[in-house]
Every structure is written in structure tokens, then in C-alpha cells.
Amino acid sequence: LDDWIIMMMMKSSILLFATTMANAFGPATPLQVPRYNNNNNNNAAATTTTTTMRVGGSDLGRRQQVKKILNKVHTTATTAGGTSSEAAAAAAKDILQQELLSDATAALLQKCHWKLRRALTHKIRALTHRYDDVEFPAGFGQPPTQAQREAVERAQGLERRTVRAQRFAEINAARDRRVAERAAAELLAKEQAARAEQRRIEREVAAAAKKAEEERLAAEAKAAEEARIAAEAKAAEEAAAAKKAEEERLAAEAKAAEEARLAAEAKAAEEAAAAAAAAQKAEEERLAAAAKAAEEAAAAQKADEERIAAEAKAAEEAAANKAQEEAAAAAAKKEEDEKLAAEAQAAEAAAAEGDVEESVAETVADTPVEESQPAAAPVVAVTPALIKELREATGAGMMDCKKALLEEDGDMEAAAEFLRKKGLAKADKKAARVAAEGRIAFATAENKAVLVEINCETDFVGKDAGFVGYCDQVARAAISVDGDDMEALMATSTGEDGTVEEVRQKMVAKIGENIQVRRMSSRGGADSTVGAYIHMNRIGVLVEIEGGTEELCTDIAMHVAAMNPPYATPEDVPGDVVEKEKKILSEQALESGKPAEIVEKMVAGRIRKYLEEICLVSQNFVKDGDITVGKLLEKNGAKMIGFTRVAVGEGIEKKEGDFAAEVAKMAGQEPVAAA
């Protein structure tokens with residue numbers, strides 16, 4: 001391939017040289033050959049003719065062009081009456097200088113046959129001599145001489161040789177480079193082959209080592225098997241001594257146990273550190289136990305219902321026994337009344353006989369005096385069905401419902417009021433506890449969207465179905481509230497269950513944790529588009545734009561949830577924040593020792609970059625890093641109005657407890673400081 005390229009370049013150079021040499025000597029001149037008249041036997045003068053008809057035809061055209069200009073000069077110089085005027089002479093002079101003595105006419109003359117060129121040049125020179133201030137240029141219309149052509153050829157040849165030398169140098173350099181590359185490739189191939197050979201040798205060595213290792217392991221296994229057989233044979237001989245050894249071992253273990261107990265007491269401090277290390281695991285187990293406790297609570301509730309049913313049955317049996325006793329007492333009283341009636345009749349008979357006073361006195365003396373007893377109030381039995389009905393109506397615990405019914409003598413309304421008062425007390429008592437868990441609730445209606453943060457104490461309650469339902473109720477109620485008025489929200493009705501605050505108090509009494517409706521935020525209007533994004537029910541974002549679609553708002557809300565920009569646009573950044581940052585940047589720039597005007601430009605550039613970093617519209621879109629949020633809005637014909645971002649527990653100072661210290665305290669040991 002290289003030889004072919006060199007051959008083609010040499011052919012091109014030869015062709016270029018031949019073309020340049022042909023052009024260097026100008027057009028071909030007609031060949032003058034003598035022609036003799038055959039009819040004349042004498043030595044007559046030969047006549048010269050032109051063998052190239054193409055040249056003669058071209059000269060005729062050039063002659064006509066030059067004669068046309070000569071005629072134009074004569075015509076312009078002559079007036080209509082055949083006389084000349086100064087104006088006509090000046091016009092003819094201009095034509096002579098501009099057209100006849102022009103470079104184009106000179107080029108025509110250079111191409112003419114020498115005889116024609118001489119005749120035309122003679123006419124032009126004669127016409128020029130008519131004007132005193134017009135000079136005929138020296139060498140006008142004469143072709144270049146041989147020396148001039150050779151000089152031009154030498155200059156062009158030097159340039160061609162220079163170009164050719166450069167080309168040959170490039171070819172040589174390329175050839176050397178290819179040779180070097182081939183040498184490098186061969187060297188690399190040799191190195192790769194050497195490495196492959198080395199790897200092959202290493203694999204063979206590894207295979208040999210592996211085989212040797214397998215043989216060694218087989219030998220060891222065989223030796224181990226022989227040793228095991230020998231040990232089993234020896235074990236039969238040692239069976240007699242095993243019992244004695246066992247007794248000695250038990251005695252030694254008893255002694256070792258005593259020593260271990262003493263060592264354990266000395267090691268108590270070290271175990272305290274181990275207890276601190278296990279505290280985290282215990283905390284996780286406690287949380288798992290709390291989850292399990294919910295299931296056990298359901299089982300316990302069922303057991304309470306069965307126990308209450310048994311107690312109710314026992315109460316019914318006691319009531320039956322009491323009824324029997326009351327019936328026996330009534331029979332005894334009736335018998336006593338009959339006895340008194342008989343004695344009264346006897347007294348009347350005695351009176352008829354004249355001894356009335358004595359009989360009456362004796363009758364009164366013998367009659368027992370009964371104390372007046374108040375009528376017993378009716379008692380309503382507290383049955384399991386009544387407890388269940390109250391529990392379904394209030395959501396309180398089984399034992400709380402039973403206690404309320406017993407306190408209010410089975411009155412359902414009074415028992416419900418008792419439970420409500422008890423729930424208010426619980427809510428007030430738990431209000432001081434930190435509630436930093438919970439979820440973000442969201443609702444939308446008629447171009448308006450709202451976020452509400454509801455907090456609880458643990459994440460278990462945050463996932464409870466009852467708590468989630470309450471959050472949805474609060475969000476739906478918040479849609480009807482104007483602005484972000486929390487007092488109005490807490491007083492808004494949720495339906496049959498009461499207001500948001502009343503339902504919250506019931507939830508506190510039912511679940512047993514502090515529950516708080518912390519804050520709400522709403523966005524939207526008739527001329528704007530609003531969308532939302534909720535991340536894991538713990539981060540909520542509302543985005544409001546002018547124009548665009550709800551899907552666009554949702555995408556931007558997802559970006560806000562991930563990047564958490566402080567401001568939406570540069571116009572939203574407070575002036576004091578910008579001034580503070582500008583002051584810091586100015587002090588840093590001045591420390592570099594640069595002039596004040598340079599420092600001002602540096603600060604301006606850094607402030608611009610700072611605003612791009614903290615503003616939403618100038619950040620790169622998380623779903624497409626090649627475009628900013630602002631460009632995305634422009635692409636969809638929308639404009640940013642603002643956004644709201646709410647996170648669960650944001651700004652709440654959580655209580656940090658040392659579970660390891662609590663465990664150590666319960667064990668009666670000093671807490672061990674972490675290393």
C-alpha cells in the first residue's frame with residue numbers, strides 16, 4: 001500500500017510539471033513553412049503560408065476587435081460636417097487612453113501573429129503621435145521574452161519543488177510513524193504473548209499445587225480415620241475409668257461454679273458496659289414488643305369480654321339468690337302479720353268480756369316494734385352487651401366502659417359523658433409530651449390544595465389505621481378553611497364525630513398518645529395551577545404556577561422534595577440575606593489584595609452564582625440535568641408563583657433518652673460512659 005501511494009504521488013508530480021512547462025511558454029505560434037510553386041522550374045521565391053488554420057482564424061477576430069476601437073477613435077474625433085472640434089478631440093483622446101492603450105488591448109496584441117501585431121502596433125503608435133500629451137507605452141502588446149518566461153518558470157518551479165519536498169517529507173514521516181507503530185504493535189504482541197505464557201505457567205503451577213493439596217488432604221483424612229478407629233478401640237478400654245473421671249469432673253465443676261460465681265461478682269462492672277452495648281438491641285426488642293403488645297391487647301380485650309360476661313352471669317345468679325332471700329323474708333313477714341291479726345282478734349274478744357285494757361296492754365307489750373326502712377332504688381344490671389354498645393359508641397377501652405357504667409348505674413348517656421370528661425383529662429395530661437412523629441395529609445378541591453401536619457409520639461401510631469383516617473378527616477376539613485387559620489380548622493366539623501378538636505381528644509383517650517394538629521398550608525386560585533407531591537407521607541410539597549399543567553406542578557414538587565431549595569425565584573430572597581452574603585464575599589475578596597473595582601466584579605459574579613444555587617428556577621431539574629426548572633417552565637409556557645414544603649417533625653426538638661443508662665439504673669449499677 002505504501003509503494004502504491006508513493007508511485008501515484010510521483011505520477012501526479014510528473015503530470016503537474018508537464019502542465020506547468022506547457023503553460024510557461026504561452027500559446028503555440030503558427031508554424032511558418034516555405035511553399036514553392038511546382039509550375040515554376042526556376043528558383044523562384046518561396047511563399048510563406050500558415051499551416052495552423054486555428055491561429056489564423058483567431059487573429060482575424062482579434063484584428064477586428066482592435067480595428068473596431070481604432071474606428072471608434074476616428075469616428076469620435078470627426079464631427080458630422082467632417083471637421084474636428086476640441087470636445088470631439090478630447091473624447092477621442094479618452095477612448096485612445098482608456099480602451100486602445102488598455103491592458104485588454106495589449107493582451108489581444110500579444111496573442112496575434114507577429115506580422116499582424118506589428119501592423120496593428122504601427123497604427124496605434126501613429127494615432128498616439130497625433131496627441132502631444134499621449135505617449136505610446138514601451139513594449140506595448142509585445143509578448144514576454146524567453147528570459148522573462150524562464151524567470152517565471154524558475155519561480156514556479158521553485159514553489160513546486162518546495163511543495164513536492166514537503167509532500168515527500170510528510171510521506172516519509174508517515175512511513176516512519178507506521179514503521180514505529182508496527183514495531184510497537186509487535187513489541188506489545190510479544191509482551192502479551194509473554195504474559196499469556198506466564199499465566200499459563202502459573203495455571204499449571206496452581207493446578208499442580210491444587211493436586212498436591214488434594215493428595216495431602218486425602219492423606220490427612222486417611223490418617224484421621226485411622227486415628228478415629230484407634231480412639232474408638234481405646235475408648236472401650238477407658239470406659240471403666242470414665243465413671244471415676246465423671247465424678248471428679250462433677251466435683252471440679254462444682255468448685256469451678258463457685259469460683260465462677262465469685263468471678264461474676266467481680267466482673268459486674270464489665271457486664272454493665274456490656275449491658276450498655278446491648279441497650280440498643282433491647283430498645284429494638286422493646287419496639288417489637290410494643291407492636292406485639294397491640295396484638296396481645298386485642299387478645300386481652302377478648303379475655304376481658306369473657307371475664308365480664310362471667311361476672312355478669314355471676315351477678316345474675318347473685319340477683320336470683322337475693323330474690324329468693326327477699327321472697328323468704330316476705331313470707332316470714334306475712335306469717336308475722338297473720339299472727340298479729342290473730343292476737344288482735346283475741347284482744348277484741350277480751351274487750352267484750354270487760355278486760356279490754358289489760359289485753360290490749362299485753363298485746364302491745366308483746367308486739368315487736370319494726371323500724372321504717374327506705375324503699376330500695378332499682379338497680380340496672382351492667383351486662384356485656386351494654387358494655388359493648390358503649391365501647392362501640394365511644395371507642396374507649398373495655399374496662400373504661402365497664403367502670404363508667406358502674407359509676408353511672410348503667411346510664412348510657414351519663415357513662416358516655418363520664419368517658420368524655422376522662423378523655424379530656426387524659427388529653428390535657430398528655431399535651432406536654434413531645435409529639436415529633438406523624439404524617440402529612442393532603443386534600444384538593446376546585447383549584448385549591450392543602451397540606452396538614454398531624455403529629456403523634458411514635459411511628460407505630462403514625463401507621464395506625466385509626467390515626468390515618470383522622471388525618472384524612474382533618475385534610476378534608478381544612479379545604480373549607482380560608483387561609484391557614486388553625487383555630488378555625490380546629491373548630492371545623494368533621495361530620496357526625498364532632499369538630500376536629502373533639503375528635504382529637506377522643507383519639508388521645510383511645511390511643512393513649514399525645515396527638516397534635518400542628519400546622520396547615522394551602523395554595524391555589526382561579527388563575528393559577530397547583531399540584532402536590534407527598535413523599536413517604538413525611539414530606540409534602542405544594543407548587544403553584546401560572547399556566548402549565550398539574551403534571552408539571554407534580555414534577556416540580558418532586559424536585560422541591562428532593563433538593564429543598566430555600567426560595568423559588570431571586571425576587572423571593574430577602575434583601576438582608578443578600579446583603580449579608582455580599583458582605584462576607586467582599587471581606588474574602590479584599591483579603592486577596594485585589595483592587596476595589598476587581599473586588600466589586602468578583603462579588604457581583606459570586607452573588608449571582610449564590611442566587612442560582614438557592615433559587616428553585618435556576619437549579620438543574622432532577623429528572624433532566626440538561627435543563628433548569630426555569631427553562632422547563634418557559635418550555636411549557638408557565639411562570640413560577642411559589643411553593644410550600646412541609647416535613648414531619650421539622651423544627652421540633654426531640655427528647656433524646658439514654659436507654660443504656662436507664663437499663664443500668666434499673667439493674668442498680670452505675671452507668672458506663674461510652675468510649
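Residues are classed as buried under 20% relative accessible area, as exposed over 50% and as partly exposed in between (1.4 Å probe, protein chains only). The model is predicted: local features need pLDDT of at least 70, side-chain atom pairs count only at pLDDT 80 or more, and totals for chains, interfaces and linings use all residues. Residues are numbered from 1 along each chain as its sequence is written, and side-chain values use heavy atoms, with hydrogens and water left out.

Asn 455 is buried, with a relative accessible area of 2%. Asn 455 lies in strand E4. Helices (H or I, at least four residues) and strands (E, at least two) are DSSP runs, numbered from the N terminus. The Asn 455 side chain makes a polar contact with the side chain of Glu 453, at 3.0 Å. Such a contact is a pair of N or O atoms within 3.5 Å; within protein, one must be able to donate a hydrogen and the other to accept it, and residues adjacent in sequence count only if both atoms are side-chain atoms. Beyond its neighbours within four places in sequence, Asn 455 is in contact (heavy atoms within 4.5 Å) with residues including Phe 467, Asn 514, Arg 518 and Ile 652.

A nonpolar core is a set of buried Ala, Val, Leu, Ile, Met, Phe, Trp, Tyr and Cys residues joined through side-chain atoms within 4.5 Å. The largest has 25 residues, of which Ile 454, Tyr 470 and Val 517 touch the most other members. At least two residues each come from strands E3 (437–444), E4 (448–456) and E5 (516–524) and from helices H14 (465–479), H15 (486–490) and H16 (500–511). H14 gives the largest share, eight residues. Setting aside neighbours within four places in sequence, the contacts of Val 517 include Ile 454, Tyr 470, Val 474 and Leu 489.

Helix H3 has 15 residues (86–100) and should span 21 Å at 1.5 Å a residue; its end C-alpha atoms are 20 Å apart, which agrees. The expected span is 1.5 Å times one less than the number of residues. Ala 88, Ala 92, Lys 93, Ile 95, Leu 96 and Leu 100 of H3 are buried. They cover an arc of only 160° around the axis, which puts them on the same side of H3. Glu 86, Ala 87 and Gln 98 are exposed on the other side.

The structure holds one aromatic pair. Rings of Phe, Tyr and Trp (its six-membered ring) pair if their centres lie within 6.5 Å; planes under 30 degrees apart count as stacked, over 60 as edge-to-face and the rest as tilted. Phe 140 is buried, at 8% relative accessibility.

Terms used. Arc of directions from axis to C-beta.
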